[in-house]
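Good morning, and thank you for coming.

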2 protein chains.
Amino acid sequence: MEKATRQQSKEHNRNLVLKTIFDHETISRAEIARITRLTRTTVSDIVASLLYEELVTEIGYGESHGGKSPILLGLAEDSRYLVGLDLSRSEFRAAVINLRGKICATTSIPVSNRSGAEALDLVYQILDKMMISGFQPIVGIGVGTPGLVKSSDGMVIKAVNLGWENLPLAELLQNHYRLPVCVINDSQAAAMGEYLYGEGHMAESNLIVINARHGIGAGIIINGKLFQGDGGGAGEIGHTVVQEGGSLCRCGSYGCLETVASLQAIEKKAGMLAAFPDSNRASEIDMETIYTAFIEDNIQIKQIVLDAAHHLGNAIAVLVGALNIGQIIIVGDMTRFGHLWLQVIKNTMSQHALSTLAKDTTIEFGKLTKDSVLLGATAVLLHDYSVLFMIRSALKHHYLGH
Amino acid sequence: MEKATRQQSKEHNRNLVLKTIFDHETISRAEIARITRLTRTTVSDIVASLLYEELVTEIGYGESHGGKSPILLGLAEDSRYLVGLDLSRSEFRAAVINLRGKICATTSIPVSNRSGAEALDLVYQILDKMMISGFQPIVGIGVGTPGLVKSSDGMVIKAVNLGWENLPLAELLQNHYRLPVCVINDSQAAAMGEYLYGEGHMAESNLIVINARHGIGAGIIINGKLFQGDGGGAGEIGHTVVQEGGSLCRCGSYGCLETVASLQAIEKKAGMLAAFPDSNRASEIDMETIYTAFIEDNIQIKQIVLDAAHHLGNAIAVLVGALNIGQIIIVGDMTRFGHLWLQVIKNTMSQHALSTLAKDTTIEFGKLTKDSVLLGATAVLLHDYSVLFMIRSALKHHYLGH
């Protein structure tokens, strides 16, 4: 009992030191001691062990404050790798990512409407590819998937597009690859990605990321942390009814936000236009066709696209009123509609939210284009304090051959 | 420099110990040391000083685990008092509250439509009364006010009903009473009150409190803490447009949530009914008149009230989608409409939110009736970690005669 407590305390201190090094580009042992309130001896012992594990390196000398110049430590960013996986697109996309979020290798597999067990098989295929990409050791897998996810259990509750229901994805992948796995909703992952790697976000600040694509989702960062709600579903704004008696949504309700603001809503409405070139082949109307018509100034298409923007602006106004989070970022396929689309969103938000809140709110496009989900899903693994334990156990697997 | 750091560290440790005692009904010195990771000597020294300050008392003996029975410590809950003030009603209400949130004395002053400097004068009047209520020493004032509040600055940005704009309320009261003052939005205060004193809320859990009265507001508790957003306006859901081209709202927009779901919306609609007894004196239609008609089964009034409930249910559905917070509490005058009104809110929420989220969401009435704002406003003062510093400085004022 007493021994277990001492062991826990040692683990705690080790992770505190590692986290402190992780949070700084370079840092001296003395600074670590000051920040962590641990003694210099304890810090030195832990650093010695982290150097031995090659998780940390000595980078050079810092400025002297009178005495000896202190040795600066830094995270050995290429000493371990993570695999990030984005299941939210028409092709699954994976990347090997170093400990600082640098993308080292990528690959993708077209999904071609496969779902259920077939879609899961594609997940194994693309991960297998990444495992032999030459970047070793891989110490964790982060997955961003569409649908409702309870990431505390690693469970995909429901992902309509992939035909998954109550799929214990994290457990399956953990058992198969013997690595820590984090599974989160794609919009939540995108929010983490933009927050951590998208520049301009202060530590412990708030951020809303709107993911506008086939469906509509959001990710909410509160005080620098991803807020997932009680059941993991925070940000699932796409399936709230905004138009009573509206169109049937794929969730079974009528008039959800997705039926008026998403890409699928636009595709559906475009398909009903008699004058639209492909109206006799509604199923083939996709982003490409619509985008072309939009930039060619097809008035009807423009109206449909900007109507969708208006509805999205309204949904954002509601979030502004509820949360008063001033920084809002939009990512996803629909951002291709560009600044005209964005301007309508901004105008509606300004008109529909309380003016004192709206005037302090900015809405802009994300910085990471297609990598936000990948990066965000692995970032959760890296930035969740408890996961630093997992990296250690992953190490044991590699070094001790378990 | 070195000395300042040591002083800061001492303050830090003192507050850590005090907070630990605060968070437990009774606790031994050994337990405090275990929780805070401070040495037993440090803990004993700090406890000695807290006993000397009479903030803490020795309550009795705990169970022995082999050796001597440990002495149990507890917060001296009646050693200091706070004044709570609720400015959100037709009368200002104040109470003296002990350190555990027990209400010791109350008073109220009718507001009678006074606003601006006159309303501020009433604030001083009611506080003056509380200061001589016989409960001493008073160490802080917590104020819950309607309107947009930036509580980090203690500034009332805008409170339409009270005719206040950019009023530095906390500063005014601090200078006048020489006490720490916390000013927060009334719905946010209500949320804190319900969360901390309303029973059934686990530590670090999430909660949404909807304040349904003349206006509509909300307070959001995330991981056990009040979330105020970037500018203090989180929960200001009443002024988001939910009905384009709807009625004019007192904020200047058209079709805000308040124009369809609040008590003032009901009063306005009731006033337009030809058949309603007081329709020729629309200004005198108040909660009382409407409530009487409602329980007497006046069909038109019932329809108006339940329509308002439907709109509120829709607004709650949006919050459920955005935040996936499963525990929702409704407070405010409108709760008088009782379970029929609540049932319509619940039904609409269930139909308008994603079913997987809705099924794990409960909506119920608050537990504190009219004290939630008072209690919440003082609780912010007590539970905000940094405020424990303030209690100390307040002490200095009393003991050192500053």
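Lys359(A) and Asp360(A) form a salt bridge, and their closest N and O atoms lie 3.4 Å apart. Both Lys359(A) and Asp360(A) are exposed. Please keep in mind that we are looking at a predicted model.

How many salt bridges does the structure hold over all chains? The count is 22. Let me set two others beside the pair just described. In chain A, Arg89(A) is joined to Asp86(A) by a salt bridge, with 3.2 Å between the closest N and O atoms. Are the partners buried or exposed? Arg89(A) is partly exposed, at a relative accessible area of 33%. Asp86(A), by contrast, is buried, and its relative accessible area is 0%.

The next pair belongs to chain B. Here the side chains of Arg93(B) and Asp371(B) meet in a salt bridge, at 2.3 Å from N to O. This pair links distant parts of the chain, for its two residues are 278 residues apart. Arg93(B) sits in strand E5, residues 91–98, whereas Asp371(B) is in the loop between strand E16 (362–365) and helix H13 (372–383). Arg93(B) has a relative accessible area of 9% and is therefore buried. Asp371(B) also counts as buried, because its relative accessibility is 18% and the cut-off is under 20%.

I turn now to the contact between the chains. On chain B, 43 residues are in contact with 43 residues of chain A. Together the two chains bury about 3,200 Å², and carbon and sulfur atoms give 57% of that area. Which residues of chain B lose the most area to chain A? They are Phe227(B), Asp230(B) and Leu354(B), which together account for 16% of what that side buries.

How many salt bridges are there between chain B and chain A? The count is zero. Several elements of chain B give two or more residues to the side that touches chain A, among them helix H1 (2–22), strand E13 (216–222) and helix H11 (338–352). H10(B) gives the most, with eight residues. By type, the residues on this side of chain B divide into 18 nonpolar, 21 polar and four charged.

Let us next consider helix H2 of chain B, residues 29–36. Its buried residues are Ile32(B), Ala33(B) and Thr36(B). Why do they fall on the same side of H2(B)? They cover an arc of only 100° around the axis, and so they share one side of the helix. In general, an α-helix has 3.6 residues a turn, so residues three or four places apart point the same way. Just after H2(B) comes Arg37(B), which takes a positive phi of about 60°.

Where is Ser205(B) found? Ser205(B) lies in the loop between helix H6 (186–197) and strand E12 (207–212) of chain B. With a relative accessible area of 13%, Ser205(B) is buried. A polar atom of the Ser205(B) side chain lies 2.7 Å from the backbone oxygen of Met202(B). Leaving aside residues up to four places away in sequence, Ser205(B) touches Tyr195(B), Ile221(B), Ile222(B), Asn223(B) and Gly224(B).

That concludes my presentation, and I thank you for your attention.

Methods: Residues are numbered from 1 along each chain as its sequence is written. Chains are lettered from A and ligands numbered from 1 in the order in which they are written. This is a predicted model: local features need pLDDT of at least 70, side-chain atom pairs count only at pLDDT 80 or more; totals for chains, interfaces and linings use all residues. Side-chain values use heavy atoms; hydrogens and water are left out. A salt bridge is a side-chain nitrogen of Lys or Arg within 4 Å of a carboxyl oxygen of Asp or Glu. Buried means under 20% relative accessible area, exposed over 50%, partly exposed in between (1.4 Å probe, protein chains only). Helices (H or I, at least four residues) and strands (E, at least two) are DSSP runs, numbered from the N terminus. Contact means heavy atoms within 4.5 Å. Buried area is the accessible area (1.4 Å probe) that two parts lose on being put together, summed over both. Ala, Val, Leu, Ile, Met, Phe, Trp, Tyr, Cys and Pro count as nonpolar, Asp, Glu, Lys and Arg as charged, and the others, Gly among them, as polar. The arc is that of the directions from the helix axis to the C-beta atoms. A polar contact is a pair of N or O atoms within 3.5 Å; within protein, one must be able to donate a hydrogen and the other to accept it, and residues adjacent in sequence count only if both atoms are side-chain atoms.
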